[in-house]
Amino acid sequence: MIREALDPSAKNIAMLITPGNGAEIQYRTSAAGSTSYATRGGLTAPYWVRLTRTGNNFAGYCSPDGTNWTQVGSTQVITMNSNTYVGLSVTSHHDGTLCTATFAKVSLVSLPSPWLTADIGNAGVTGSSIYVNGAFTVFGAGADIYNSADAFRYVYMNGSGDCDVMAQVLTVGNTDPWARAGVMIRETLNSNAANVAMVVTPGNGVSFQYRTNTGGPTSLSGSNGTQAPCWVRVIRSGNLFAGYVSSDGTNWSQVGAMQKFAMAANVCRGASKPGQIL
């Protein structure tokens, strides 16, 4: 549960497992207001539950294995204080009767500063990102990073000028042969922004791709046969952009030709995924 205060009527959102009614996400969007909920039947403990908060957007998920997650209900917008209570909740549903629940593998994770995360475009299902032991895991939906507009989950930091962005992609979920995970330099957070990315796919190797102007088409150069785990990298020097791939993070091969196009000095750069990454 994420709860704004310890008052019994406080705003809150919770992702719960019941003995007889499956998984349930429930939320109170205003103090002393009514509580709403959505359920997913047929599930019993042991089961994984998860809540994510991005700004005032809250989403709940459940999983049989802690790896493959299904969103329960829809993303909720709740205006809640930055300082909240986060933890484990149990109710017996009967006053005066104790209910015992046992929790394992509990974690509370957030992105280290200055990293930020957001869905770009209409991703369909709210994504999220966690950072544990030096690795990012990015959960992203969205149709693609391609054509004239994108829909994906982005983990990024704001920066200016020349940059060299690299990462080792350990896994990328095989939701589609063209699911993509990699590194990106992006002019803005708009869905149709100019950008350059070096990505790895489950079924079509690696691609160096770029949109040279806002709302324009996306072009790419590919190299089949490479799969995760591998290293990907994009380099910016002025208005020159290049993409590279490596098996060891030391010896790099350029993918496609260097591209030259105008991009603002202040940009967003980081890891992208439509459709887990680092």
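Student: Which residue lies over the face of F139, and at what distance from the ring centre?

Tutor: A charge counts as sitting over a ring if NZ of Lys or CZ of Arg is within 6 Å of the ring centre and within 35 degrees of the ring normal. Here R50 lies over F139, at 4.0 Å from the ring centre. R50 also lies over the face of Y61, at 4.9 Å. Keep in mind that this is a predicted model, where local features need pLDDT of at least 70, side-chain atom pairs count only at pLDDT 80 or more, and totals for chains, interfaces and linings use all residues. Residues are numbered from 1 along each chain as its sequence is written, and side-chain values use heavy atoms, with hydrogens and water left out.

Student: How many aromatic pairs are there?

Tutor: Rings of Phe, Tyr and Trp (its six-membered ring) pair if their centres lie within 6.5 Å; planes under 30 degrees apart are stacked, over 60 edge-to-face, and the rest tilted. That rule gives seven aromatic pairs. In one of them, W48 and W69 have ring centres 6.3 Å apart and planes at 85°, so this pair is edge-to-face. Elsewhere, ring pairs join W115, Y131 and F136 into a cluster.

Student: Which residues have the most contacts inside the largest nonpolar core?

Tutor: A nonpolar core is a set of buried (under 20% relative accessible area) Ala, Val, Leu, Ile, Met, Phe, Trp, Tyr and Cys residues joined through side-chain atoms within 4.5 Å. The largest one has 24 residues, and V183, I185, V196, M198, V206 and M263 have the most contacts inside it. A second, separate core of 12 residues includes I25, Y27, V72 and M80.

Technical notes: Buried means under 20% relative accessible area, exposed over 50%, partly exposed in between (1.4 Å probe, protein chains only).
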